[in-house]
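Trainee: May I go through this model with you? I would like to begin with strand pairing.

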Amino acid sequence: MKIRRIIAAVMALVLVGGAYPSNAVNTRNIGKVYAAETAEEKEPKFLIEKDEYKRLEPFSIKVKNVDPAIISFVEENIEEVSKSSDEDGNLVFTFKARKSGEAHLIINYGFDGETREQRYNFNILDEEYTEENTQDTNVKGDANCDGSVDMSDVVLIMQALANPNKYGVNGTEKFHITQQGMKNSDVDTTVKGVTVSDALKIQRYLLGAVEL
Ligand SMILES: [Ca+2]
């Protein structure tokens, strides 16, 4: 009886000892691989197409695995214009740069209980208006260089005078006045340079009161 019990105990030990450790190893290995894949899958990802854009050309940054509620941006010469998401589950933030030169973006986000940041530098190129404007016409009063004289020329002159940062020769707005436009606008020869009197003279011309 005693011997049988000892044999049974030894058999049990062998069975348990043989089977248990290999099972444990298998489980641990599978667990490790699984955990590693999942961790990488869940890492925040930032996708940027290129780091050089033209001024006012919209560009997007795709963000994956970041809670949209805990993401914020520090923007320098850059502004967020829209936020959406694509079919792959990425958050898509669209930006625009105001001026040519350097632009910087710092993305602050929360992950794994800590605050992280991701920095990007962009090179913003000047938009090439010259190509469109090579057909610049030498028409008196044609401030916007579209080949004809109408109220929009008067409006552009007034805008360029009132807000040169936006509508002056080096203005930030897409349809700012050009060098040629300034030359065309200078229709009142009694006053030097482009002034309100040029805008008024063009208005009088449109009414048929004067020649340019
Ligand atoms: Ca015009």
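Trainee: Which residue in S8 is the bridge partner of Ile107?

Mentor: The bridge partner of Ile107 there is Gln118. Please keep in mind that this is a predicted model.

Trainee: Over how many bridges do S7 and S8 pair, and is the sense parallel or antiparallel?

Mentor: Strand S7, residues 101-111, and strand S8, residues 114-125, pair over 11 bridges in the antiparallel sense.

Trainee: What is the strand order in the open sheet that holds S7 and S8?

Mentor: The order is S2-S8-S7-S4, an open sheet of 4 strands with mixed pairing. Its edge strands, each pairing on one side only, are S2 (52-54) and S4 (71-76). From one strand to the next, the twist averages 30°.

Trainee: What about the open sheet with antiparallel pairing: which strands are at its edges?

Mentor: That open sheet also consists of 4 strands, in the order S1-S3-S6-S5. The edge strands are S1 (45-48) and S5 (79-85). Here the twist averages 25° from one strand to the next.

Trainee: And which residue of S3 is the bridge partner of Ile48?

Mentor: Ile61 is the bridge partner of Ile48. S1 and S3 pair over 4 bridges, in the antiparallel sense.

Trainee: Changing topic, which residues have the most contacts inside the largest nonpolar core?

Mentor: Ala97 and Ala103 have the most contacts inside this core, which has 15 residues. At least two of its residues come from each of S3 (59-64), S6 (91-96), S7 and S8. S7 gives the most, with 4 residues.

Trainee: What is Ala103 in contact with, leaving aside neighbours within four places in sequence?

Mentor: With those neighbours set aside, Ala103 is in contact with Glu76, Asn77, Ile78, Ala97, Phe122 and Ile124. Another core, of 12 residues, lies apart from the largest one. Val154, Ala160, Val194 and Ile202 are among the residues of that other core.

Trainee: One more residue, please. Where is Asp86 found, and is Asp86 buried or exposed?

Mentor: Asp86 is in the loop between S5 and S6. Asp86 counts as exposed because it has 11 C-beta neighbours inside 10 Å, and a residue with 12 or fewer falls in that class.

Trainee: What separation is there between the C-alpha atoms of Asp86 and Lys62?

Mentor: Those C-alpha atoms are separated by 8.8 Å, and the two residues are 24 residues apart along the chain.

Note on methods. Residues numbered from 1 in each chain as written. Predicted model: local features only at pLDDT ≥ 70, side-chain atom pairs only at ≥ 80, totals over all residues. Pairing = 2+ DSSP bridges. Axes fitted to C-alpha atoms, helices over the stretch in contact; angles between N-to-C directions. Core = buried A, V, L, I, M, F, W, Y, C linked by C-beta atoms within 7 Å. Buried ≥ 20, exposed ≤ 12 C-beta atoms within 10 Å, placed from the backbone. Contact = placed C-beta atoms within 7 Å.
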